[in-house]
Amino acid sequence: MVQAEKGSLATVEDVVGMYQFFLRRAPESEHTVQANVGRPLDDLIRICLNSEEFEHQTLRPILAGASTSAGIKRPTAAAAEWANARLPLDEMTRGHVLEAVNWLRAYKALFDDQVFLNFVGQEVAFGSENQRQALDDASKLQGEVYGSDGRVVSGWARWLDREEPVSLELWRAGAVIGRGLATVFDRGIEQRFPGAGGCAFRITLPTTPVELTFKGEVREVSTGRLIGDVDVRQSVLDQGEFGDFDRRLKHLANEITALRQALPNTLKHAATPLEEYSAHHQLWLVQAPEPPPYSGQSIAVVIDGLRASALQVAAAVRSIVSQNHPRFSLHLVVPDEDRMVWDDAARRIALVEGVPAVVHTSATLHHLLELEADYVHLMDGRSVADNDLLSAAAEFLDEQLGFSAVYFDEDVLEAEGSSSRRVSPQFKSDFDADLLLQEPYVGSSLTLRRSAWPTVMTSLDFGVSVPSAAALSLDAQGHLIGHKALVLQSRQAEVAVSPVQDWAGVVSRYLKESGLDACPIMEPDILAAPSSHRNRIRWALTSGVRVSVIVPTRDRLDLLRPCVDSLFRFEQDNKARMELIIVDHESTDPETKAYFVDLAANHRDVRILPFEGAFNWALMNNLAAAEAVGDVLVFLNNDTIAVSPGWMDELASQALRPQVGLVGARLIYPDGTLQHGGFVAADKQDLFLRHEGVGVPGCDGGYLGRHAVVRQAMAVTGACMAIAASKFAHLGGFESAAFPVDGNDVDLCFRARTEGWRVLYSPFATFYHLESKTRGYGLTEEQRQAARAAVDRLWMRWGGQFGQDPFYNSNFDRLAEPFTRLSPPVSC
């Protein structure tokens, strides 16, 4: 490999090497690798070094004086050799990288090298003197805490730049309760670090008259740097054999605790790329969990075989006959011409398997209204069920009494010689009525309560996505529909998805019967993302609707003019009338001021609203909203450019629906890649909220086409969001005191959710967002800290309520880029 220069284009080896060296893991997928090949390597490294992942696992622990695995583990040979060969480094640095005893020493060598800093620029993690000093301090000290047996706290620690032993203190609740030196010989350490075996420590705990349980910290004395946390439980009983037994139990408990704490990081490395689902299924999912307990409930299984071949229906029937659930009956809906064949099959099933089986054709469908069972399971005849499907469905409905139905995840059975393998998983969202109107995503099966069956049955058109149609009917009646993220259904490989036109017919009838003024249409995606799997639902917009577009700005006419021009360019493509309010935050540029005068003079629906004082995005928008006359408010950044001609009608028609709180747009970078496809949430403070789809080509529809459909999202960005003016007033506007700059958009979305309103993402309002992919590199450390503080406040306020994202299937790894890697199904 040839040493890179500024502007050198990244190869496949570079992308893989960069991930391994800086993020200490492999890329998410082959798609990730190919998407970055051919981009300038220095740009990629800058992005990597300023990523949330690098900050979370490397920068922040070091700046906080905390321990990190990067201080313990040695760089892999492949990663070190790539860095040595490709990164522009002086000769001394190359030797340090290859000889580094841990990752921090390797990083320190890089960031001490001015040649490397000239290559990536100073505005990166560890680019400042203070950060490099923190890295230097952290790289000199290694150690970890094993745990405590209630009498001592043990572990190891060593200096890498001196021979003297490490002095340690044990802290509890802000006070020192023990001290020790790392001078104990440990054979395991000697094997791990030859010649350094005498650096273990055992800090004796003070005696206590009462039982104590606490979390302690082991710190180096002179620097205060954290070696590690430890959970301590001290008991006053310590005598004879029982005392020894008790100590052994405590030691075992500490070992289990340590394993539990290590498990999330271990599972991070065990996450599987989505495209390797078949291997993931074989490794993790083929061993089924303990079957759910039998509750005594009976289930009537209705198999829709109108569009299935005889072989497919036979496979579906076999999968039901093999169910672990003991109490069910079988009902086959088949074409009239196949009646005699299936009548004979039903007799054999009843005789051999002991399963009551009835055959129905178009002439006898009304008999299905008389089903006698506790639950009804609807199933597409072109699919097969896992042995535990009926038991899992019954268990859910037994326990979740507020839900009237449940559906599961599914995949495809692909023939492979004489056997088959599982491919193309459909890890679904929790119930999303907007998504369901566009495509029958509920899939191949649905289980519902018998009490809801009669009204559902009369609305069904057998042969056309019956499980999804039943879910549509249930939702219209106000029933709650549940979802379990378990793969318990498989489509047969040769099955073709029902034509989207058929689903459009089901939806059209539903909309008409529900009195909803909307219609499904086939419309290609403006970015050419695959869209044949879905219809677009166009909601009617009454005449006279006004939309107030609010754009805060300060000078930057180079951004503002293209933004405003794009709004006027598409004004005639929209039925709604636009009012434009530009909030002028102390602009001083003469050309910008002249532009304001010209706009106000030539457009009667344009107003310039002056604002003075410290930058407060939330307050500026609140003041403008109070002046606005529109039925709908659109908050828009000045660095956006409209791409969709009908963007305004789309946002307005969605925002004015009674169930909808906020609507966000699809945002793309100037190079056509995605910048925002809605926020996804995770139940971890550092990963609470992330933009979905960042860097994915706009023509890539995302997982299951997510980027090209209207769907619910946990939150959307204020760079372009719409809300009915009445709902904005009801919510009290943006929180300008707690979230003046960052986090106010998400906070508003969460407050809308607590009112029972949906938050939608729509690709039919697509905008360029000129925010750089490397935005943040020019931010000051104060601004970075303010942004992090805003996320922390959001977490404290909303993390407990919205940390579990119902639209982000739990089979996906929360530490990877959203919807790219699969987590092992292990609770920890």
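Let's start with Phe819: at 9% relative accessibility, it counts as buried (under 20% relative accessible area; exposed is over 50%, partly exposed in between, 1.4 Å probe, protein chains only). Phe819 sits in the loop between helix 26 (781–802) and strand 32 (821–822). Helices here are DSSP runs of H or I with at least four residues, strands are E runs of at least two, and both are numbered from the N terminus.

A word on the model. It is predicted, so local features need pLDDT of at least 70 and side-chain atom pairs pLDDT 80 or more, while totals for chains, interfaces and linings use all residues. Residues are numbered from 1 along each chain as its sequence is written, and side-chain values use heavy atoms, without hydrogens and water.

Back to the backbone. Most residues other than glycine have a negative phi. Phe819 has a positive phi of about 65°. Ala528 also has a positive phi, near 70°. Ala528 is in the loop between strand 18 (518–521) and strand 19 (536–539). Is Ala528 buried or exposed? Ala528 is exposed, at 58% relative accessible area.

Now a helix pair. The axes of helix 20 (residues 557–569) and helix 21 (residues 590–602) come within 10 Å and cross at roughly 20°. Axes are lines fitted to C-alpha atoms over the stretch in contact, with angles from 0 to 180 degrees between N-to-C directions. The two helices are therefore roughly parallel (angles under 35 degrees).

Who meets whom? From helix 20, Leu557, Leu560, Arg561, Val564, Asp565 and Phe568. From helix 21, Glu591, Thr592, Tyr595, Phe596 and Leu599. Contact means heavy atoms within 4.5 Å.

Notes: Parallel < 35°, antiparallel > 145°, perpendicular 65-115°, else oblique.
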